Amino acid sequence: MLKEITKKAACAVVPCLDPDFVPAVLWDREFRKAVKASGKSRAIIIAVERTPESVSTFETVVFADPTADERAANIRHVERLVKGMLWMRGGWKITIAGDDTVAADLAKIYSPSGERAFDYEMMSRIYSNTMKVVSCAYDAAPKAVEPTKPLGRHMEGCRIGFDLGGSDRKCAALIDGKLVFSEEVPWDPYFQSDVNYHKDGINDTLKRAAAKLPRVDAIGGSSAGVYVNNRVRLASLFRGIPQDQFEAKVKDLFLEIAKDWKVPFEVVNDGEVTALAGSMEMNANSVLGISMGTSVAGGYVNPEGNITDWLNELAFVPVDYREGAPADEWSGDLGCAVQYFCQQGVARLAPLAGIELPKDMKFAEQLKEVQKLMEQGDERARKIFDSIGVCFGYTIARWSEFYNIEKLLILGRVTSGKGGDIILARAADVLKSEFPEYAAKIEFRIPDEKSRRHGQAMAAASLPMI
């Protein structure tokens, strides 16, 4: 059953370096067809709860009274959906309405000893609640509640914006919305065990920007991870800090930095700032912003111009359902976006394209080498960005099931140069070929070179209200 569905979910547009790629959106489409053809379809609702006032839901179908093969297909379908919802929307409580067996199977997987122990631990930490999976009748399913709020867009005064990535930290200094200085400084925060490395680096960046301003009225920051009221809940930048020191040394880091600067200070997820940057630049809403840098960050501005309380940590969302898909080095899960749409994805594809680079070369340096080859017209480099673009097109269709997208903005180091243009062109080809309903609706936007690299820092500067 699983192999048959996977075979039918083959791409019409094949990524040249990832020919076995099985798009999540096509696999689920074939699963639903198989359920319908069986004559024993059962509707279920998946709900993920962040708080009682913040719940996301998704309706789908599974095999009723399944055979062993059908039960395996059911759990594959639902588990991958749940994993995606957890990292797109977020939540500590999963409710499966309409099928107790699926819920019981899922509870074993999302447990301290299950396959998704990483996700269990992360969601429990983010929401300060022990993650759990429960079931209920279909008619008793939780109702969707999606709170929103405005974000940023404050440009008056002398402001600093910063953006913290895994290979560099960027800053922008603005006076009444006009950029007067921008800079990026290399750093290597991932596996630093001393939090002072991070604190000193951030302060160094802020001081460099402050030196270009007559005064500092406000500071806004963008960083990968989950932040609540300027407190760090989860962030890959601090992976090197021992977990038993996280609460004492990392959680309040930005509050300590804000106290030193004595001005309005706000830090949010870099994906949210990506979307904000796109919304501001295009003067439009319903924007999904994707940052392809050290990792894959996402952010969303809804049709009303507000943000949600969703996680939008798209790096962990499953996009490839093939057996033996590339594994995420952090979570251990297979086929997640982090292996396709960031520096890691470029490094993974380079040897498949015939580009041999030193194995100990950092991902950021590997990307630079590939981009140099791209500028020289190297066909091997072109194939890397071509493959990324094709996989991205199928993934846009997947994300469109969860986001109302009218504008799609991509930023980040991977999009710099000619490679970024190829990524968007090939993604557009996929949408036109396989998903015309999305091709007609979604407008792609890739900003100019400076905005690609510094747009997040500039938008971050608008976060605090003076």
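Start by selecting helix 6 (residues 195–210): this helix lies across strand 6, strand 7, strand 8, strand 9 (218–223) and strand 12, and runs at about 30° to strand 7. Helices (H or I, at least four residues) and strands (E, at least two) are DSSP runs, numbered from the N terminus. Axes are lines fitted to C-alpha atoms, for helices over the stretch in contact, and angles run from 0 to 180 degrees between N-to-C directions. You are looking at a predicted model, where local features need pLDDT of at least 70, side-chain atom pairs count only at pLDDT 80 or more, and totals for chains, interfaces and linings use all residues. Residues are numbered from 1 along each chain as its sequence is written, and side-chain values use heavy atoms, with hydrogens and water left out.

Five strands make up an open, mixed sheet in the order 8-7-6-9-12 (two strands pair if DSSP finds at least two bridges between them). Strand 8 (178–186) and strand 12 (265–269) are at its edges with a single partner strand each, so one side of each has no neighbour in the sheet. From one strand to the next, the twist averages 15°. Zoom in on strand 6 (residues 158–164) and strand 7 (residues 168–175): they run antiparallel, joined by seven bridges. Pick Ile160 and you will find its bridge partner, Ala173, in strand 7.

Move on to strand 1 (residues 41–51), which runs antiparallel to strand 2 with 10 bridges between them. A hairpin of two residues links the pair, and Ser41 stands opposite Phe63 in strand 2. Seven of the 10 residues of strand 2 (residues 54–63) are buried, so this strand is largely enclosed by the rest of the structure (buried means under 20% relative accessible area, with a 1.4 Å probe and protein chains only).

Then select helix 3 (residues 68–88) and helix 5 (residues 117–127), whose axes come within 12 Å and cross at roughly 30°. Lys83, Leu86 and Trp87 of helix 3 make the contact with Phe118, Asp119, Met122 and Met123 of helix 5 (contact means heavy atoms within 4.5 Å).

Finish at Asn302, in the loop between strand 14 (296–301) and strand 15 (307–308). Asn302 is buried, with a relative accessible area of 6%. The side chain of Asn302 reaches the backbone nitrogen of Glu304 at 3.0 Å. Beyond its neighbours within four places in sequence, Asn302 is in contact with Thr148, Asn285 and Ser286.

Note on methods. Buried means under 20% relative accessible area, exposed over 50%, partly exposed in between (1.4 Å probe, protein chains only). A polar contact is a pair of N or O atoms within 3.5 Å; within protein, one must be able to donate a hydrogen and the other to accept it, and residues adjacent in sequence count only if both atoms are side-chain atoms.
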